[in-house]
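Please keep the sequence and the structure in view while reading.

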Amino acid sequence: MKYYYDITLNFDEYPIPYYEWDQSDRLDNYLKLPIYHVKSIVPFIEYHTSWDKEKDTFIISDGINALAIEVIDYKSAYLSFLSYKDEDCVNEIALNMEYSKLTYEKGKKRVLPFELRKHRFIKCYLLKMIDNANQDLLRYIYYDITGKDSNNLINIKKFLIQDINANFNDKYILLYQKMM
């Protein structure tokens, strides 16, 4: 068994890429974690897994990518990607190891968001703002996004909500920055 020492992880229900870690995240420091060499980390990301033993917290690596898993009550409760430096070191260690025999069962598929955390936050913020905005603010936002003027507040709200959900892009990020 090989171990990795002094590592910082950002556990969540799905793994958050290192470039999206935020100062408000609860980062945990671990002094020593076991490393397991697996053929692929993909099933551990895509599915909830159940384990035959209580393994606590450990790292798996396929030699290219690495993932930390926190097990609670024999189930993978939280996942964390590693920092670039740590992942590189763990992968180097794993490549020099034999494949580990881990006994687990795949459960239901994990819900994985496919957009940046910052974009999800901006979308939620704008949707709440539109829901609570007065008529002047709604008309301003509508004009800023479409270049058209309208007095029909119901249609404006409906259009903005649908457009944010279906076509979120740089114009909404710019709008958010203007509002802030």
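In helix 4, the residues Leu 138, Ile 141, Tyr 142 and Ile 145 are buried. They cover an arc of only 100 degrees around the axis, which puts these four residues on the same side of helix 4. The model is a predicted one, and the points below should be read with that in mind.

**Helix 4 and its surroundings**

- Helix 4 runs over residues 135-146, and its 12 residues reach 16 Å from the first C-alpha to the last, which is close to the 16 Å expected at 1.5 Å a residue.
- At the N-terminal end, helix 4 is capped by Asn 134, which places a side-chain oxygen 3.1 Å from the backbone nitrogen of Asp 136.
- After helix 4 comes Gly 147, a residue with a positive phi, near 80 degrees.

**Asn 91 in helix 2**

- Asn 91 is part of helix 2, which spans residues 84-95.
- Asn 91 counts as buried because its relative accessibility is 6%, where the cut-off for that label is under 20%.
- Leaving aside residues up to four places away in sequence, Asn 91 touches Ser 61, Gly 63, Ile 64, Asn 65 and Ala 66.

**Layout and overall form of the chain**

- The chain holds six helices and seven strands, and these follow one another along the sequence in the pattern β-β-α-β-β-β-β-α-β-α-α-α-α.
- The chain is more spread out than a compact globule, because its radius of gyration is 22 Å, well over the 16 Å that the globule rule gives for 180 residues.
- The C-alpha trace, followed along its principal axes, spans about 70 × 30 × 25 Å.

**Burial, contacts and surface**

- Buried residues make up 39% of the 180 residues of the chain.
- Among contacts in the chain with a separation of 6 or more, 64% are between residues 24 or more positions apart.
- The chain has an accessible surface of about 11,200 Å², and carbon and sulfur atoms account for 50% of that surface.

Notes. Residues numbered from 1 in each chain as written. Heavy atoms only, no water. Helix = DSSP H or I, 4+ residues; strand = E, 2+ residues; numbered from the N terminus. Expected span 1.5 Å × (residues − 1). Buried < 20%, exposed > 50% of the residue type's maximum accessible area, 1.4 Å probe, protein only. Arc of directions from axis to C-beta. Polar contact = N/O pair within 3.5 Å; in protein donor to acceptor, adjacent residues only side chain to side chain. Rg over C-alpha atoms; globule rule 2.2 N^0.38 Å. Contact = heavy atoms within 4.5 Å. Areas by Shrake-Rupley, 256 points an atom, 1.4 Å probe, with all protein chains shown as cover.
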